[in-house]
Amino acid sequence: MTTTTGPSAVPAPPAAQDPFLPRPFVVRRHRQDTRDTYTLVLEPVDGEPMPFAAGQFTMMHAFGAGEAPISISGDPARPDLLEHTIRDVGAVTHALVHASPGDVLGIRGPFGTGWEVGTGAGGDVVFVAGGIGLAPLRPAILELCATRAAFGRVLLLYGARTPEDILFGDDLRRWAADHGIDVQVTVDNGQHAWRGRVGLVTQLVARGGFDAANTLALVCGPEVMMRYAASALAERGVPASRLRLSMERNMKCGVGLCGHCQLREVFLCVDGPVLTYDVLEPLMARAEL
Ligand SMILES: Cc1cc2nc3c(=O)[nH]c(=O)nc-3n(C[C@H](O)[C@H](O)[C@H](O)COP(=O)(O)OP(=O)(O)OC[C@H]3O[C@@H](n4cnc5c(N)ncnc54)[C@H](O)[C@@H]3O)c2cc1C
């Protein structure tokens, strides 16, 4: 399967390295972000940095519990520090988020395609994030901030379930204040103290504020949210080839062998997780694919 996001554009594990062999990484920092979401900062035990592209993921291994695909949420300019933001939903993620500083985890990867935010230079960029979907977008936002002058208007439209579920609050403030990003946050349910917007993130897309024909749109969140956001962006005139989504499916191998993440001819672990809407639209239109 050939896509507009060529695998050659992103780092892959060295050919000599067995892609099934986890590399040991030590947990350096552990932060609780929300009631069920945590960020781990890891360092390679062998001191060898792990270059990655924004949007790529690793297979994170909690010894004795198992392995899960998790997107990298850190800064691509810091390949010496590997950052992951993880929601505690089951056995493996529970073991991962309860790792303590000094514990060793296994890492395979990096795997998959990237956001390629640089392709948006010269135009506007719209990030649309739902829930923990902000974590896989964070490296692309950091990359954009490092070369902010190359881009036009930049919008970050972010929807969370409640104000308590909002991730990376300090980042959101800094991206707006220091980098001129138009950060718009909305929640599904706001309590009395919440003075911000209540409603779906897709409603923010409809408000516009970007030059659609010359916009790169990067979308990550629950699949139903991505479906509505992508169709709203396409309706406003963002070309399908400049609209990228990060897809999630159950994954086991991460290298295109096991077929767990197959969507018709697409293997999400190698052809994705980031794919353009012209590739994804027909796949997303098919129920239960
Ligand atoms: C490319 C990719 C990147 C991801 N990035 C992140 C990330 O940055 N942070 C994060 O917290 N999670 C991420 N996930 C999801 C994460 O892999 C799953 O939550 C994890 O595998 C669940 O494993 P578990 O053993 O903890 O739970 P399980 O007991 O296996 O599952 C718990 C619940 O989660 C569902 N689930 C399991 N795997 C997935 C999956 N891959 N996608 C959607 N639902 C699933 C199950 O159906 C079940 O309802 C990513 C998934 C993929 C494919």
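A salt bridge here is a side-chain nitrogen of Lys or Arg within 4 Å of a carboxyl oxygen of Asp or Glu. By that rule, three salt bridges cross the interface of domain 1 and domain 2. The model is a predicted one.

**Two domains**

Domain 1 covers residues 7-111, and domain 2 covers 117-285. Their C-alpha centres are 21 Å apart. Contact between them involves 28 residues of domain 1 and 24 residues of domain 2. Together the two domains bury about 1900 Å². Carbon and sulfur atoms account for 62% of that area.

Polar links also cross this interface. Five residue pairs are in polar contact between domain 1 and domain 2, counting pairs with both residues at pLDDT 80 or more. Which strands supply the side of domain 1 that touches domain 2? Strands E2 (37-44), E3 (57-62), E4 (66-71), E5 (82-87) and E6 (104-111) each give at least two residues. The largest share comes from E5, with four residues.

| Strand pair | Bridges | A facing pair of residues |
|---|---|---|
| E1 and E6 | four bridges | Phe25 and Leu105 |
| E1 and E2 | seven bridges | Phe25 and Pro44 |
| E3 and E4 | six bridges | Ala62 and Gly66 |

Strand E1 spans residues 23-32. A hairpin joins E1 to E2 through four residues. Asp33 lies in the loop between these two strands. What does the side chain of Asp33 make a polar contact with? The partner is the side chain of Thr39, at 2.6 Å. Leaving aside neighbours within four places in sequence, Asp33 is in contact with Tyr38, Thr39, Thr85 and Leu167.

**The seven-stranded sheet**

A second open sheet is built from seven strands. Their order is E10-E9-E8-E7-E11-E12-E15, and the pairing is mixed. Strand E10 (197-198) and strand E15 (274-276) form the edges. Each has a single partner strand, so one side of each is left without a neighbour in the sheet.

Strand E11 (residues 215-220) pairs with strand E12 (residues 243-246) in the parallel sense. Three bridges hold this pairing in the count. Ala217 has Leu243 as its bridge partner in E12.

Helices lie against this sheet. Helix H7 (residues 277-285) packs on the sheet and touches E12 and E15. The direction of H7 makes about 90° with that of E15. Helix H2 (residues 134-146) lies across strand E7 (124-130), strand E8 (154-160) and E11. Helix H2 runs at about 155° to E7.

How values were computed
Residues are numbered from 1 along each chain as its sequence is written. This is a predicted model: local features need pLDDT of at least 70, side-chain atom pairs count only at pLDDT 80 or more; totals for chains, interfaces and linings use all residues. Side-chain values use heavy atoms; hydrogens and water are left out. Two strands pair if DSSP finds at least two bridges between them. Contact means heavy atoms within 4.5 Å. Axes are lines fitted to C-alpha atoms, for helices over the stretch in contact, and angles run from 0 to 180 degrees between N-to-C directions. Domain bounds come from an automatic or database domain assignment. Buried area is the accessible area (1.4 Å probe) that two parts lose on being put together, summed over both. A polar contact is a pair of N or O atoms within 3.5 Å; within protein, one must be able to donate a hydrogen and the other to accept it, and residues adjacent in sequence count only if both atoms are side-chain atoms.
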